[in-house]
Amino acid sequence: MVTNTDGSKRVISDLRKVNAILLKDKFPMPSCDLILNSLNDCNYFCKLDLKNAFFQIPIDPRDRHYLTVSTQTNKYCFTKLPQGMATSSIIFQREIMRILSPYLYSICLPYIDDIIVKASSFEEELTNLETILKELQKFNFKLNTSKTRLMYQQIDILGHSVSQSGIMPLKSNVEAITKYKSPSTIKELRSFLGATNFFS
């Protein structure tokens with residue numbers, strides 16, 4: 001058991017042996033550039049956080065024995081998609097994009113457990129929010145209300161702040177670059193270039 005940032009607990013299991021034989025899923029994750037560019041010219045944003053996101057996807061009963069966890073006294077099988085499996089993020093992303101496919105990039109942008117609902121006006125944002133919530137309700141998805149943000153004119157996503165003023169890197173990320181110690185090895189230089197290229 002590990003503690004989340006909000007103080008709640010979650011189960012972490014060792015799935016390395018499963019990951020070693022798992023067929024990798026080739027479904028593409030949406031690019032940061034595509035998501036950020038899709039938020040241009042928007043004035044209102046809602047950020048919906050799906051509660052225990054992976055655990056809202058059921059595992060086929062025929063496959064549950066692959067996800068058996070042994071304890072000192074018993075054995076348990078995951079019935080929902082666990083964290084720690086190499087393809088969990090991809091499986092979840094594919095499912096949420098399938099569910100929201102009629103609205104992708106026009107009114108919503110799902111990225112794993114976060115769904116951004118966008119609009120140019122307050123009234124339009126209310127309509128878009130209702131549309132997406134109804135769609136999630138059809139598939140019994142639950143929101144984490146403590147992390148969900150409604151009707152904001154500025155949001156933080158993928159290391160950037162998005163508002164009417166445009167898209168800017170988060171101040172904390174910029175400070176991390178400016179305070180980065182001067183690289184003295186090839187490995188440190190590659191690490192520094194990787195960090196700076198994220199904002200280029």
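Which residue forms a salt bridge with Lys134? The partner is Glu130, and the closest N and O atoms of the two residues are 3.3 Å apart. This briefing concerns a predicted model, in which local features need pLDDT of at least 70, side-chain atom pairs count only at pLDDT 80 or more, and totals for chains, interfaces and linings use all residues. Residues are numbered from 1 along each chain as its sequence is written, and side-chain values use heavy atoms, with hydrogens and water left out. The topics below are the salt bridges and an open sheet of three strands.

**Salt bridges**

- The structure contains five salt bridges, a salt bridge being a side-chain nitrogen of Lys or Arg within 4 Å of a carboxyl oxygen of Asp or Glu.
- Side chains of opposite charge can pair when their charged atoms come close.
- Among the five is the pair Lys134 and Glu130, both located in helix H4 (residues 122–138) and four residues apart, about one turn of the helix.
- Helices (H or I, at least four residues) and strands (E, at least two) are DSSP runs, numbered from the N terminus.
- Another salt bridge links Arg16 to Asp14, with 2.7 Å between the closest N and O atoms.
- Arg62 and Asp60 also meet through their side chains in a salt bridge, at 2.7 Å from N to O.

**Exposure of the paired residues**

- Relative accessible area sets the classes used here: buried means under 20%, exposed over 50%, and partly exposed in between (1.4 Å probe, protein chains only).
- Lys134 is partly exposed at 48%, and Glu130 is partly exposed at 44%.
- Arg16 is exposed, with a relative accessible area of 61%, and Asp14 is likewise exposed, at 54%.
- In the remaining pair described here, Arg62 is exposed at 66%, whereas Asp60 is partly exposed at 29%.

**The open sheet**

- Three strands form an open sheet in the order S9-S10-S11, and their pairing is antiparallel.
- Its edge strands are S9 (154–157) and S11 (166–169), each of which pairs on one side only.
- From one strand to the next, the twist averages 25 degrees; axes are lines fitted to C-alpha atoms, for helices over the stretch in contact, and angles run from 0 to 180 degrees between N-to-C directions.
- Strands of a sheet pair through backbone hydrogen bonds, either parallel or antiparallel.
- Two strands count as paired if DSSP finds at least two bridges between them.
- S9 and S10 (residues 160–163) run antiparallel and are joined by four bridges.
- Ile157 stands opposite His160 in S10.
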